[in-house]
Amino acid sequence: MAITFEGALAGHDKTLLYRSARSAVLANNIANADTPNFKARDISFESMMQDATRNQLSMTATSDKHFSKSSGFSAVDSDELLYRTPSQPSIDGNTVDMQREQAEFAQNSLQFDTSFLFLDRKISGMKKALSGGQ
């Protein structure tokens, strides 16, 4: 039975990539909290999962009346970034809610640390198995 890195790491490597990308988007939102007309953006796990499965499950439209593949997503510029719906929009058009951004950033950081800990333990376990427990 062959052991692959994807199977051994159990997706924690991809989770770290997602958490890192989301951290960059949230930091950009916080940095532009005072920029007029700036729209807060975010990455959802569901959109990343849809992107991953979209390549595997492609649809074929056989009529002009069929929906396009991208009609169900609300992404604007890219498939991964979504605009956040503001709970209390400001007069200058900025949709960054600083408390929400900071809470999301802190939660994302905690989840990044947890995934990193799981990944570290997986790698430590593999190293221990390769060295024979020494």
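Visitor: Where does Asn 37 lie?

Guide: This is a predicted model. In it, Asn 37 lies in the loop between helix 2 and strand 1 (41–43).

Visitor: Why is Asn 37 called exposed?

Guide: A residue counts as exposed when its relative accessible area is over 50%. Asn 37 has 54% relative accessibility, and therefore counts as exposed.

Visitor: What makes the phi of Asn 37 worth a remark?

Guide: Most residues other than glycine have a negative phi. Asn 37 is not a glycine, yet its phi is positive, about 65°. A positive phi, near 80°, is also found at Gly 132, which follows helix 4.

Visitor: How do you know that the span of helix 4 agrees with its number of residues?

Guide: The expected span is 1.5 Å times one less than the number of residues. Helix 4 (residues 98–131) has 34 residues, so it should span 50 Å; the C-alpha atoms at its ends are 49 Å apart, which agrees.

Visitor: Which residues of helix 4 are buried, and what do they pack against?

Guide: The buried residues are Glu 101, Glu 104, Asn 108, Ser 115 and Leu 119. They pack against helix 1 (5–9) and helix 2 (12–31).

Visitor: Why is Glu 101 called buried?

Guide: Buried means under 20% relative accessible area. Glu 101, which is in helix 4, has 0% relative accessibility and therefore counts as buried.

Visitor: What does Glu 101 touch, and with which side chains does its side chain make a polar contact?

Guide: Leaving aside residues up to four places away in sequence, Glu 101 touches Leu 26, Asn 29, Ile 30, Ala 40, Arg 84 and Val 96. Its side chain makes a polar contact with the side chain of Asn 29 at 3.2 Å and with that of Arg 84 at 2.6 Å. The limit for a polar contact is 3.5 Å, and the values of 3.2 Å and 2.6 Å lie within it.

Visitor: What makes the pair of Asp 42 and Arg 22 a salt bridge?

Guide: Side chains of opposite charge can pair when their charged atoms come close. The cut-off for a salt bridge is 4 Å between the side-chain nitrogen and the carboxyl oxygen. For Asp 42 and Arg 22 the N to O distance is 2.8 Å, and the pair is a salt bridge. This pair links distant parts of the chain, with Asp 42 in strand 1 and Arg 22 in helix 2, 20 residues apart.

Visitor: Why does the pair of Glu 104 and Arg 22 tie together separate parts of the sequence?

Guide: Glu 104 and Arg 22 meet in a salt bridge at 2.5 Å, N to O. Glu 104 lies in helix 4 and Arg 22 in helix 2, so the pair ties together parts that are 82 residues apart in sequence. Both Glu 104 and Arg 22 are buried.

Visitor: How do you know that Arg 84 and Asp 42 are buried?

Guide: The limit is again 20%. Arg 84 is buried because its relative accessible area is 9%, and Asp 42 is buried because its value is 13%.

Visitor: How many salt bridges does the structure hold, and which residues do those that share partners join into one network?

Guide: The structure holds 4 salt bridges. Those that share partners join Arg 22, Asp 42, Arg 84, Glu 101 and Glu 104 into one network.

How values were computed:
Residues are numbered from 1 along each chain as its sequence is written. This is a predicted model: local features need pLDDT of at least 70, side-chain atom pairs count only at pLDDT 80 or more; totals for chains, interfaces and linings use all residues. Side-chain values use heavy atoms; hydrogens and water are left out. Helices (H or I, at least four residues) and strands (E, at least two) are DSSP runs, numbered from the N terminus. Buried means under 20% relative accessible area, exposed over 50%, partly exposed in between (1.4 Å probe, protein chains only). Contact means heavy atoms within 4.5 Å. A polar contact is a pair of N or O atoms within 3.5 Å; within protein, one must be able to donate a hydrogen and the other to accept it, and residues adjacent in sequence count only if both atoms are side-chain atoms.
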